[in-house]
Amino acid sequence: MRLRLTPRDTSFFDLFAASAAHLVTGANLLAEMLGADRATRKELNKRMAAAEHDADDATHTIMRRLNKTFVTPFDRDDIYNLASALDDCMDYMDEASDLIVLYKVDELPARVSDQIQVLQRAAELTAEAMPRLRSMDSLQEYWVEVNRLENQADKSHRKLLAQMFDEIADPILLMKLKEIVEKLEDAADAFEKVANTVETIALKES
């Protein structure tokens with residue numbers, strides 16, 4: 001274990017945990033959208049926008065503190081990269097939510113639920129992992145599982161696209177749905193980036 005002669009600002013750990021908690025909210029709101037009618041989706045989208053705003057605030061707080069803190073708990077670039085990656089997860093989920101409402105999609109393909117379930121699980125794992133950055137304990141299972149989930153999301157995404165091209169005759173509807181499922185895939189990729197950043201941090205600190 002390294003001997004540190006200068007104090008570290010440990011508030012970063014609480015800020016990362018708070019940021020990750022918003023991701024759980026976002027993923028659950030997407031799940032609620034699946035079977036909802038248009039009016040309910042509009043309300044859920046408003047709640048998503050509020051969660052995204054809270055997540056942005058958390059990211060800005062991390063960045064401000066990073067600029068003011070002399071001794072950080074781990075590499076400054078890694079703090080920046082982790083905060084940015086967490087923010088990307090929320091942004092992509094918010095974009096998917098927005099598109100569902102803006103495009104007035106009546107029914108989403110059934111396989112979209114597979115994508116969203118992956119996001120929910122990845123969000124839960126991320127929220128559980130952030131507090132463990134304090135000790136760097138038991139993090140390997142987290143990044144291995146999120147990488148497995150992202151591979152699962154890739155397969156689901158490809159099957160979903162194939163199904164959509166086979167079954168949807170309306171080219172406009174196809175374009176709308178394709179953009180939505182691409183944003184969900186982007187969110188899964190962003191969760192993997194968070195996990196990879198955590199792995200980088202853990203390896204540096206070991």
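Predicted model: local features only at pLDDT ≥ 70, side-chain atom pairs only at ≥ 80, totals over all residues.

Tutor: Residues are numbered from 1 along each chain as its sequence is written, and side-chain values use heavy atoms, with hydrogens and water left out.

Student: How many aromatic pairs does a search of the whole structure find, and why is the pair of Phe-13 and Phe-74 called tilted?

Tutor: The search finds two aromatic pairs. Rings of Phe, Tyr and Trp (its six-membered ring) pair if their centres lie within 6.5 Å, and planes under 30 degrees apart count as stacked, over 60 as edge-to-face and the rest as tilted. The ring centres of Phe-13 and Phe-74 are 6.3 Å apart and their planes stand at 50 degrees, so this pair is tilted.

Student: What makes the pair of Phe-16 and Phe-74 stacked?

Tutor: Phe-16 and Phe-74 have 15 degrees between their planes and 6.4 Å from centre to centre, and the pair is stacked.

Student: How do you know whether Phe-16 and Phe-74 are buried or exposed?

Tutor: Buried means under 20% relative accessible area, exposed over 50%, and partly exposed in between (1.4 Å probe, protein chains only). Phe-16 has a relative accessible area of 0% and is therefore buried, and Phe-74, at 4% relative accessibility, counts as buried as well. Phe-13 is buried too.

Student: How do you know that Arg-38 and Asp-106 form a salt bridge?

Tutor: A salt bridge is a side-chain nitrogen of Lys or Arg within 4 Å of a carboxyl oxygen of Asp or Glu. The closest N and O atoms of Arg-38 and Asp-106 are 3.0 Å apart, and the two form a salt bridge. Arg-38 lies in helix 2 and Asp-106 in the loop between helix 3 and helix 4, so the pair ties together parts that are 68 residues apart in sequence. Arg-38, with a relative accessible area of 42%, is partly exposed, whereas Asp-106, at 60% relative accessibility, counts as exposed.

Student: What separates Glu-145 and Arg-148 in helix 5?

Tutor: They are three residues apart in helix 5, so about one helical turn separates Glu-145 from Arg-148. Their side chains meet in a salt bridge at 2.7 Å, N to O. Glu-145 is partly exposed, with a relative accessible area of 22%, and Arg-148 is partly exposed, with 42%.

Student: What do you find for Lys-178 and Glu-182 in helix 6?

Tutor: Lys-178 and Glu-182 lie four residues apart in helix 6 (residues 171-205), about one turn of the helix, and they form a salt bridge whose closest N and O atoms are 3.3 Å apart. Lys-178 is partly exposed, with a relative accessible area of 31%, and Glu-182 is partly exposed, with 24%. A search of the whole structure finds eight salt bridges.

Student: Why is Lys-104 pointed out for its phi?

Tutor: Most residues other than glycine have a negative phi. Lys-104 is not a glycine, yet its phi is positive, at about 55 degrees. Lys-104 lies in the loop between helix 3 and helix 4 and, at 54% relative accessibility, counts as exposed. Ser-138 also has a positive phi, near 55 degrees; Ser-138 is found in the loop between helix 4 and helix 5 and is exposed, with a relative accessible area of 56%.

Student: Why is Met-130 called buried?

Tutor: Met-130 has a relative accessible area of 0%, so the label is buried. Met-130 lies in the loop between helix 4 and helix 5, and its C-alpha is 8.8 Å from that of Val-198, although Met-130 and Val-198 are 68 residues apart in sequence.

How values were computed:
Helix = DSSP H or I, 4+ residues; strand = E, 2+ residues; numbered from the N terminus.
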